[in-house]
Amino acid sequence: MTGRKTLLGIGTVVAMIGFNTAAQAEEILIGVATAQTGGLAPFDQPSLKGFEMAIEELNAKGGLGGKYTAKLLIKDTRTDMAQTATVAQELVDAGVKIMITPCDADSTIAASQITAPLSIPTLTFCGTAPILTVAVPEHAYGTYPADNLAATAVADFALSEGKKTAYLLISPDAAYTANLPEYFAKVFEAKGGKIVGRGSFTMGQPDFSAEVTNIRGLAEKPDMIMTGAYEPDFPAFLQQLRAAGVDTPVYGADALGTPTIRDLGKLVDGVVYTASGYAEPGSKLASFDEAFTKYAGHAPESTYEVNGYEIGLILDEAVRVADSDDSAAISAAIKGLDHFEGITGEITYAGTTGMPARALALMRYENGEAKHIATLTPDAADVPAP
(Lines give C-alpha, C1' and ligand atoms only; values in the text may rest on other atoms or scores of the structure.)
Protein backbone atom coordinates (compact mmCIF):
# COMPACT_ATOMS: atom_id res chain seq x y z
CA MET A 1 0.00 0.00 0.00
CA THR A 2 1.02 3.61 -0.37
CA GLY A 3 1.31 5.76 2.74
CA ARG A 4 -1.01 8.64 3.47
CA LYS A 5 0.13 12.14 2.74
CA THR A 6 2.03 13.66 5.64
CA LEU A 7 0.61 16.37 7.86
CA LEU A 8 3.26 18.87 6.84
CA GLY A 9 2.23 20.33 3.48
CA ILE A 10 4.88 21.89 1.24
CA GLY A 11 5.23 25.52 2.26
CA THR A 12 2.55 25.16 4.93
CA VAL A 13 3.00 25.58 8.66
CA VAL A 14 0.27 23.97 10.75
CA ALA A 15 -0.79 25.89 13.85
CA MET A 16 0.27 24.20 17.08
CA ILE A 17 -2.08 23.62 19.99
CA GLY A 18 -1.98 21.60 23.18
CA PHE A 19 -1.99 17.83 23.50
CA ASN A 20 -5.57 17.48 24.80
CA THR A 21 -7.61 19.81 22.60
CA ALA A 22 -9.17 17.40 20.12
CA ALA A 23 -12.86 17.46 20.86
CA GLN A 24 -14.66 14.23 21.72
CA ALA A 25 -11.61 12.06 21.12
CA GLU A 26 -10.66 9.02 23.12
CA GLU A 27 -7.25 9.09 24.77
CA ILE A 28 -4.18 6.94 24.08
CA LEU A 29 -1.24 7.09 26.47
CA ILE A 30 2.27 7.02 24.99
CA GLY A 31 5.22 6.38 27.28
CA VAL A 32 8.44 8.20 26.43
CA ALA A 33 11.48 6.76 28.20
CA THR A 34 14.07 9.23 27.03
CA ALA A 35 17.43 10.59 28.12
CA GLN A 36 16.87 14.15 29.24
CA THR A 37 20.29 14.05 30.88
CA GLY A 38 23.56 12.19 30.28
CA GLY A 39 25.39 11.12 27.14
CA LEU A 40 22.31 10.28 25.06
CA ALA A 41 20.58 13.61 25.70
CA PRO A 42 22.12 15.33 22.62
CA PHE A 43 20.39 12.70 20.47
CA ASP A 44 17.19 12.07 22.43
CA GLN A 45 16.19 15.68 23.02
CA PRO A 46 16.10 16.78 19.35
CA SER A 47 14.16 13.58 18.59
CA LEU A 48 11.70 14.30 21.39
CA LYS A 49 11.12 17.85 20.18
CA GLY A 50 10.25 16.62 16.69
CA PHE A 51 7.98 13.94 18.15
CA GLU A 52 6.18 16.47 20.34
CA MET A 53 5.64 18.68 17.29
CA ALA A 54 4.01 15.81 15.39
CA ILE A 55 1.80 14.85 18.34
CA GLU A 56 0.58 18.41 18.77
CA GLU A 57 -0.29 18.62 15.07
CA LEU A 58 -2.03 15.25 15.13
CA ASN A 59 -4.06 16.14 18.21
CA ALA A 60 -5.13 19.36 16.52
CA LYS A 61 -6.53 17.21 13.72
CA GLY A 62 -8.40 14.76 15.93
CA GLY A 63 -5.62 12.60 17.34
CA LEU A 64 -3.88 9.42 16.17
CA GLY A 65 -5.85 7.89 13.32
CA GLY A 66 -8.18 10.88 13.60
CA LYS A 67 -9.69 9.29 16.70
CA TYR A 68 -7.38 9.02 19.72
CA THR A 69 -5.96 12.05 21.50
CA ALA A 70 -2.33 11.23 22.28
CA LYS A 71 -1.08 11.99 25.77
CA LEU A 72 2.66 11.78 26.40
CA LEU A 73 4.06 10.54 29.70
CA ILE A 74 7.76 11.43 29.66
CA LYS A 75 10.35 10.08 32.10
CA ASP A 76 14.13 10.63 32.20
CA THR A 77 16.30 7.54 31.75
CA ARG A 78 19.43 9.53 32.65
CA THR A 79 21.35 7.57 29.96
CA ASP A 80 21.45 4.63 32.34
CA MET A 81 20.49 1.07 31.37
CA ALA A 82 19.04 0.12 34.75
CA GLN A 83 17.13 3.39 34.97
CA THR A 84 15.72 2.79 31.48
CA ALA A 85 14.30 -0.55 32.59
CA THR A 86 12.90 1.04 35.77
CA VAL A 87 11.29 3.85 33.80
CA ALA A 88 9.84 1.40 31.27
CA GLN A 89 8.21 -0.58 34.06
CA GLU A 90 6.79 2.59 35.59
CA LEU A 91 5.32 3.61 32.25
CA VAL A 92 3.81 0.16 31.69
CA ASP A 93 2.29 0.30 35.16
CA ALA A 94 0.80 3.68 34.21
CA GLY A 95 -1.04 2.03 31.31
CA VAL A 96 0.84 3.14 28.20
CA LYS A 97 -0.22 1.55 24.92
CA ILE A 98 2.91 2.60 22.98
CA MET A 99 6.49 3.05 24.18
CA ILE A 100 9.19 5.35 22.81
CA THR A 101 12.74 4.59 23.92
CA PRO A 102 16.16 6.29 23.74
CA CYS A 103 18.49 6.66 20.76
CA ASP A 104 20.25 3.49 21.81
CA ALA A 105 19.60 -0.15 20.94
CA ASP A 106 21.02 -1.48 24.20
CA SER A 107 18.66 0.63 26.30
CA THR A 108 15.77 -0.20 23.98
CA ILE A 109 16.45 -3.92 24.38
CA ALA A 110 16.33 -3.45 28.16
CA ALA A 111 12.96 -1.67 27.91
CA SER A 112 11.61 -4.16 25.37
CA GLN A 113 12.18 -7.06 27.73
CA ILE A 114 9.33 -5.48 29.69
CA THR A 115 7.10 -4.23 26.85
CA ALA A 116 7.36 -7.05 24.28
CA PRO A 117 5.63 -9.73 26.40
CA LEU A 118 2.70 -7.32 26.68
CA SER A 119 2.64 -6.71 22.89
CA ILE A 120 3.35 -3.00 23.42
CA PRO A 121 4.96 -1.56 20.27
CA THR A 122 8.30 -0.05 21.27
CA LEU A 123 10.03 2.38 18.92
CA THR A 124 13.54 3.67 19.52
CA PHE A 125 14.05 7.34 18.72
CA CYS A 126 17.25 6.77 16.74
CA GLY A 127 18.78 3.54 18.02
CA THR A 128 20.32 2.07 14.90
CA ALA A 129 21.89 -1.26 15.90
CA PRO A 130 20.04 -4.01 13.96
CA ILE A 131 20.79 -6.43 16.79
CA LEU A 132 17.77 -4.78 18.47
CA THR A 133 15.23 -6.70 16.43
CA VAL A 134 17.25 -9.92 16.71
CA ALA A 135 17.30 -9.67 20.51
CA VAL A 136 13.61 -8.65 20.56
CA PRO A 137 12.00 -10.14 17.43
CA GLU A 138 8.45 -8.98 18.18
CA HIS A 139 7.04 -5.51 18.91
CA ALA A 140 10.41 -3.67 18.86
CA TYR A 141 11.12 -1.29 15.99
CA GLY A 142 13.95 0.85 14.76
CA THR A 143 13.05 4.09 13.01
CA TYR A 144 16.36 5.57 11.81
CA PRO A 145 18.53 3.96 9.06
CA ALA A 146 20.19 0.92 10.65
CA ASP A 147 23.93 0.60 11.25
CA ASN A 148 24.44 -2.17 8.69
CA LEU A 149 22.60 -0.06 6.08
CA ALA A 150 24.66 3.05 6.92
CA ALA A 151 27.92 1.08 6.98
CA THR A 152 27.16 -0.33 3.53
CA ALA A 153 26.56 3.16 2.14
CA VAL A 154 29.80 4.45 3.68
CA ALA A 155 31.81 1.46 2.38
CA ASP A 156 30.39 1.85 -1.13
CA PHE A 157 31.20 5.55 -1.12
CA ALA A 158 34.73 5.03 0.22
CA LEU A 159 35.45 2.47 -2.48
CA SER A 160 34.02 4.77 -5.16
CA GLU A 161 36.48 7.44 -4.00
CA GLY A 162 39.36 5.03 -4.43
CA LYS A 163 39.89 4.12 -0.79
CA LYS A 164 41.61 0.72 -0.67
CA THR A 165 42.67 0.35 2.97
CA ALA A 166 40.98 1.21 6.27
CA TYR A 167 41.66 1.17 10.01
CA LEU A 168 38.80 0.44 12.42
CA LEU A 169 38.43 2.21 15.78
CA ILE A 170 36.03 0.19 17.93
CA SER A 171 34.60 0.25 21.44
CA PRO A 172 32.97 -2.90 22.84
CA ASP A 173 30.93 -0.77 25.26
CA ALA A 174 27.84 -0.36 23.02
CA ALA A 175 26.31 -2.16 20.06
CA TYR A 176 26.72 0.96 17.90
CA THR A 177 30.42 1.50 18.60
CA ALA A 178 31.20 -2.23 18.45
CA ASN A 179 29.30 -3.30 15.35
CA LEU A 180 29.13 -0.31 12.98
CA PRO A 181 32.83 -0.53 11.99
CA GLU A 182 32.59 -4.30 11.58
CA TYR A 183 29.58 -4.01 9.26
CA PHE A 184 31.66 -1.56 7.24
CA ALA A 185 34.55 -4.02 7.16
CA LYS A 186 32.38 -6.84 5.82
CA VAL A 187 31.23 -4.76 2.86
CA PHE A 188 34.60 -3.08 2.31
CA GLU A 189 36.51 -6.39 2.23
CA ALA A 190 33.86 -8.18 0.16
CA LYS A 191 34.30 -5.53 -2.54
CA GLY A 192 38.08 -5.56 -2.58
CA GLY A 193 39.09 -3.26 0.30
CA LYS A 194 41.55 -4.22 3.03
CA ILE A 195 41.43 -3.66 6.81
CA VAL A 196 44.99 -2.87 7.94
CA GLY A 197 44.31 -2.67 11.66
CA ARG A 198 41.82 -2.48 14.51
CA GLY A 199 42.03 -0.38 17.64
CA SER A 200 39.88 -0.31 20.77
CA PHE A 201 38.78 2.43 23.15
CA THR A 202 36.67 2.71 26.27
CA MET A 203 33.70 5.04 25.98
CA GLY A 204 34.30 8.19 27.99
CA GLN A 205 38.08 7.95 28.01
CA PRO A 206 39.75 11.36 27.58
CA ASP A 207 43.13 10.14 26.32
CA PHE A 208 43.52 8.60 22.86
CA SER A 209 47.29 8.97 22.69
CA ALA A 210 47.90 5.22 22.61
CA GLU A 211 45.50 4.76 19.70
CA VAL A 212 46.97 7.72 17.84
CA THR A 213 50.47 6.28 18.32
CA ASN A 214 49.30 2.91 16.98
CA ILE A 215 47.82 4.54 13.89
CA ARG A 216 50.96 6.59 13.25
CA GLY A 217 53.07 3.45 13.58
CA LEU A 218 51.17 1.27 11.14
CA ALA A 219 53.46 -0.30 8.55
CA GLU A 220 50.72 0.08 5.96
CA LYS A 221 49.13 3.51 6.21
CA PRO A 222 45.33 3.40 5.90
CA ASP A 223 43.47 5.47 3.34
CA MET A 224 40.77 6.12 5.95
CA ILE A 225 39.67 5.45 9.53
CA MET A 226 36.18 4.07 10.22
CA THR A 227 34.65 4.42 13.68
CA GLY A 228 31.40 4.41 15.61
CA ALA A 229 32.80 6.85 18.19
CA TYR A 230 30.61 9.82 19.02
CA GLU A 231 30.70 12.71 21.46
CA PRO A 232 32.59 13.18 23.74
CA ASP A 233 34.90 10.43 22.42
CA PHE A 234 34.99 11.45 18.78
CA PRO A 235 36.02 15.08 19.38
CA ALA A 236 38.75 13.95 21.79
CA PHE A 237 40.06 11.37 19.33
CA LEU A 238 39.98 13.69 16.33
CA GLN A 239 41.66 16.56 18.15
CA GLN A 240 44.48 14.32 19.34
CA LEU A 241 44.81 12.63 15.94
CA ARG A 242 45.18 15.94 14.12
CA ALA A 243 47.47 17.38 16.80
CA ALA A 244 49.79 14.43 16.14
CA GLY A 245 49.96 15.37 12.46
CA VAL A 246 47.81 12.48 11.19
CA ASP A 247 45.54 13.76 8.41
CA THR A 248 43.91 10.42 7.47
CA PRO A 249 40.20 10.97 6.65
CA VAL A 250 37.80 9.73 9.32
CA TYR A 251 34.41 8.24 8.44
CA GLY A 252 31.47 7.38 10.68
CA ALA A 253 27.67 7.44 10.67
CA ASP A 254 24.71 9.43 11.99
CA ALA A 255 26.16 10.21 15.44
CA LEU A 256 28.61 12.63 13.82
CA GLY A 257 25.89 14.97 12.56
CA THR A 258 25.51 16.98 15.79
CA PRO A 259 26.22 20.59 16.79
CA THR A 260 29.10 19.50 19.02
CA ILE A 261 30.87 17.89 16.07
CA ARG A 262 30.09 20.81 13.75
CA ASP A 263 31.45 23.24 16.34
CA LEU A 264 34.89 21.70 15.84
CA GLY A 265 35.01 23.81 12.68
CA LYS A 266 37.65 23.06 10.07
CA LEU A 267 39.05 20.33 12.29
CA VAL A 268 36.26 18.05 11.02
CA ASP A 269 36.87 18.81 7.34
CA GLY A 270 36.80 15.57 5.36
CA VAL A 271 34.75 13.66 7.96
CA VAL A 272 32.01 11.62 6.26
CA TYR A 273 28.80 10.57 8.02
CA THR A 274 25.21 9.53 7.29
CA ALA A 275 21.84 11.13 8.01
CA SER A 276 18.21 10.17 7.50
CA GLY A 277 17.77 12.84 4.86
CA TYR A 278 18.95 16.09 3.32
CA ALA A 279 16.84 19.23 2.90
CA GLU A 280 17.01 19.91 -0.83
CA PRO A 281 15.44 23.30 -1.66
CA GLY A 282 11.70 22.84 -2.13
CA SER A 283 11.67 19.38 -0.52
CA LYS A 284 9.36 18.20 2.24
CA LEU A 285 12.34 18.16 4.57
CA ALA A 286 13.11 21.81 3.77
CA SER A 287 9.46 22.62 4.55
CA PHE A 288 9.72 20.68 7.80
CA ASP A 289 12.85 22.57 8.79
CA GLU A 290 11.03 25.86 8.27
CA ALA A 291 7.99 24.71 10.27
CA PHE A 292 10.15 23.31 13.06
CA THR A 293 12.04 26.58 13.32
CA LYS A 294 8.77 28.43 13.90
CA TYR A 295 7.61 25.77 16.37
CA ALA A 296 10.78 25.49 18.43
CA GLY A 297 12.26 28.95 18.00
CA HIS A 298 15.42 27.57 16.44
CA ALA A 299 16.39 25.56 13.36
CA PRO A 300 16.78 21.78 13.59
CA GLU A 301 20.22 20.81 14.87
CA SER A 302 20.27 17.51 12.96
CA THR A 303 17.94 15.04 11.25
CA TYR A 304 16.96 13.62 14.65
CA GLU A 305 14.18 16.22 14.85
CA VAL A 306 12.56 15.08 11.63
CA ASN A 307 13.00 11.44 12.63
CA GLY A 308 11.08 12.12 15.83
CA TYR A 309 8.39 13.82 13.76
CA GLU A 310 8.19 10.85 11.40
CA ILE A 311 7.65 8.52 14.36
CA GLY A 312 4.49 10.49 15.05
CA LEU A 313 3.39 9.98 11.44
CA ILE A 314 4.15 6.25 11.64
CA LEU A 315 2.01 5.92 14.77
CA ASP A 316 -0.80 7.93 13.20
CA GLU A 317 -0.89 5.63 10.19
CA ALA A 318 -0.63 2.48 12.32
CA VAL A 319 -3.52 3.54 14.55
CA ARG A 320 -5.57 4.45 11.48
CA VAL A 321 -4.94 1.03 9.93
CA ALA A 322 -5.58 -0.79 13.21
CA ASP A 323 -8.66 1.36 13.90
CA SER A 324 -7.98 0.57 17.53
CA ASP A 325 -5.98 1.62 20.57
CA ASP A 326 -5.06 -2.02 21.21
CA SER A 327 -1.29 -2.33 21.51
CA ALA A 328 -0.99 -5.61 19.61
CA ALA A 329 -3.14 -4.30 16.75
CA ILE A 330 -1.03 -1.13 16.50
CA SER A 331 2.16 -3.20 16.49
CA ALA A 332 0.81 -5.42 13.72
CA ALA A 333 -0.06 -2.34 11.68
CA ILE A 334 3.47 -0.94 12.08
CA LYS A 335 4.90 -4.28 10.98
CA GLY A 336 2.81 -4.12 7.81
CA LEU A 337 3.63 -0.55 6.74
CA ASP A 338 4.80 -0.62 3.13
CA HIS A 339 6.25 2.38 1.27
CA PHE A 340 4.80 4.77 3.81
CA GLU A 341 5.36 8.37 2.77
CA GLY A 342 7.38 10.21 5.38
CA ILE A 343 9.12 13.56 5.28
CA THR A 344 12.53 12.20 4.23
CA GLY A 345 11.15 9.60 1.81
CA GLU A 346 9.41 6.23 1.87
CA ILE A 347 9.60 4.06 4.99
CA THR A 348 8.89 0.33 4.82
CA TYR A 349 8.55 -2.23 7.61
CA ALA A 350 6.77 -4.94 5.61
CA GLY A 351 9.18 -7.79 4.91
CA THR A 352 11.83 -6.47 7.33
CA THR A 353 12.89 -7.67 10.77
CA GLY A 354 11.69 -4.40 12.32
CA MET A 355 14.50 -2.14 11.15
CA PRO A 356 12.95 -0.03 8.37
CA ALA A 357 13.99 -0.06 4.75
CA ARG A 358 14.62 3.56 3.82
CA ALA A 359 17.00 5.88 2.04
CA LEU A 360 19.81 7.74 3.76
CA ALA A 361 21.95 10.75 2.97
CA LEU A 362 25.74 10.81 2.83
CA MET A 363 27.29 13.99 4.20
CA ARG A 364 30.83 15.38 4.42
CA TYR A 365 32.18 18.34 6.38
CA GLU A 366 33.85 20.97 4.22
CA ASN A 367 35.14 24.29 5.59
CA GLY A 368 33.42 23.44 8.88
CA GLU A 369 30.01 22.92 7.25
CA ALA A 370 28.09 19.74 6.37
CA LYS A 371 27.77 19.24 2.62
CA HIS A 372 25.45 16.77 0.91
CA ILE A 373 27.15 14.07 -1.17
CA ALA A 374 24.25 11.85 -2.22
CA THR A 375 20.97 10.31 -1.09
CA LEU A 376 20.75 6.59 -1.76
CA THR A 377 19.40 3.21 -0.74
CA PRO A 378 22.10 0.51 -0.65
CA ASP A 379 21.42 -2.77 -2.46
CA ALA A 380 19.76 -5.07 0.09
CA ALA A 381 21.99 -7.94 -1.08
CA ASP A 382 25.08 -6.00 0.04
CA VAL A 383 23.83 -5.20 3.55
CA PRO A 384 25.42 -7.49 6.17
CA ALA A 385 23.14 -9.54 8.40
CA PRO A 386 22.91 -8.43 12.05
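**Entry 1: Asp 269**

I started with contacts (heavy atoms within 4.5 Å). Leaving aside neighbours within four places in sequence, Asp 269 touches Tyr 365, Glu 366, Asn 367 and Gly 368. I note that this is a predicted model, where local features need pLDDT of at least 70 and side-chain atom pairs pLDDT 80 or more, while totals for chains, interfaces and linings use all residues. Numbering runs from 1 along each chain as its sequence is written, and side-chain values use heavy atoms, with hydrogens and water left out.

Where does Asp 269 lie? I found Asp 269 in the loop between helix H9 (259–262) and strand S10 (272–275). Helices (H or I, at least four residues) and strands (E, at least two) are DSSP runs, numbered from the N terminus.

Next I checked what the side chain of Asp 269 reaches. The backbone nitrogen of Asn 367 is at 2.9 Å, and that of Gly 368 is at 2.8 Å.

I also looked up His 372: its C-alpha atom is 13 Å from that of Asp 269, and the two residues are 103 residues apart along the chain.

**Entry 2: H11 and H12**

How do helix H11 (residues 304–322) and helix H12 (residues 327–335) pack? I got an angle of about 115 degrees, with the axes 8 Å apart. Axes are lines fitted to C-alpha atoms over the stretch in contact, and angles run from 0 to 180 degrees between N-to-C directions.

Which residues meet? On the H11 side I listed Ile 314, Leu 315, Ala 318, Val 319, Val 321 and Ala 322; on the H12 side, Ala 329, Ile 330, Ala 333 and Ile 334.

Methods. Polar contact = N/O pair within 3.5 Å; in protein donor to acceptor, adjacent residues only side chain to side chain.
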